[in-house]
Amino acid sequence: MNKRFAPLYATLGLFLLTVITFFTLNGQVFPNLELMMVIWVYVAIDVGLFVTLIWGLFWKDQVIKIYTILATIGLMIPLSIWIFLLLLANGISEA
């Protein structure tokens, strides 16, 4: 594994983790799973993406820096919207 592409590998890994959790953390696979637990899993992935974004900002290679920043921002925005919608659903179900 080339150290030059380490931030991109981390971003790709977090993307794959997000897709896997999106399809497995539902009511069919885990029927008794609370919604707040799912939200915390997605928040942890979002924090990981933020750390990868900071890591990419301090990278020396300009091309890797640009690709890492674009990829992490492109993944963080939809994931943050999804977390907000899950929090909204949790708030509505609690009322």
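Residues 24 or more positions apart account for 72% of the contacts (heavy atoms within 4.5 Å) in the protein with a separation of 6 or more. This is a predicted model, in which local features need pLDDT of at least 70, side-chain atom pairs count only at pLDDT 80 or more, and totals for chains, interfaces and linings use all residues. Residues are numbered from 1 along each chain as its sequence is written, and side-chain values use heavy atoms, with hydrogens and water left out.

**View 1. The whole chain is built from three helices and zero strands.** From the N terminus on, the elements run α-α-α. Helices (H or I, at least four residues) and strands (E, at least two) are DSSP runs, numbered from the N terminus. The C-alpha trace spans about 50 × 25 × 15 Å along its principal axes. Of the 95 residues, 27% count as buried. Buried means under 20% relative accessible area, exposed over 50%, and partly exposed in between (1.4 Å probe, protein chains only).

**View 2. Helix 2 covers residues 35-57.** At 1.5 Å a residue, its 23 residues should span 33 Å, and its end C-alpha atoms are 33 Å apart, which agrees. The expected span is 1.5 Å times one less than the number of residues. Its buried residues are V38, I39, Y42, I45, D46, G48, L49, T52, L53 and G56. An α-helix has 3.6 residues a turn, so residues three or four places apart point the same way. What covers the buried residues of helix 2 includes helix 1 (6-24) and helix 3 (62-94).

**View 3. The largest nonpolar core has 13 residues.** Such a core is a set of buried Ala, Val, Leu, Ile, Met, Phe, Trp, Tyr and Cys residues joined through side-chain atoms within 4.5 Å. V38, Y42, L49, L79, I83 and L86 have the most contacts inside this core. Helix 2 and helix 3 are the elements that give two or more residues to it. Helix 2 gives the most, with six residues. Leaving aside residues up to four places away in sequence, Y42 touches T18, T21, F22, L79, W82, I83 and L86.

**View 4. The largest pocket has a volume of about 190 Å³.** A pocket is an open set of points on a 1 Å grid over the protein atoms alone, where a 1.4 Å probe fits, with protein on both sides within 12 Å along at least five of seven lines; lining residues have an atom within 4 Å of a point. The volume is the space filled by probe spheres set on the points, and grid points are joined across faces, edges and corners. F15, T18, V19, F22, F23, Y42, L49, L75, P78, L79 and W82 line the pocket. Helix 1 supplies the largest share of this lining, five residues. By class, the lining has ten nonpolar, one polar and no charged residues. Ala, Val, Leu, Ile, Met, Phe, Trp, Tyr, Cys and Pro count as nonpolar, Asp, Glu, Lys and Arg as charged, and the others, Gly among them, as polar.

**View 5. T18 and T52 are buried threonines.** T18 is in helix 1, with a relative accessible area of 16%. Not counting residues up to four places away in sequence, T18 touches Y42, I45 and L79. T52 is in helix 2, with a relative accessible area of 4%.

**View 6. M36 in helix 2 touches L87 and N90, not counting residues up to four places away in sequence.** M36 is partly exposed, with a relative accessible area of 30%. M36 and N90 are 54 residues apart in sequence and 7.3 Å apart in space, C-alpha to C-alpha.
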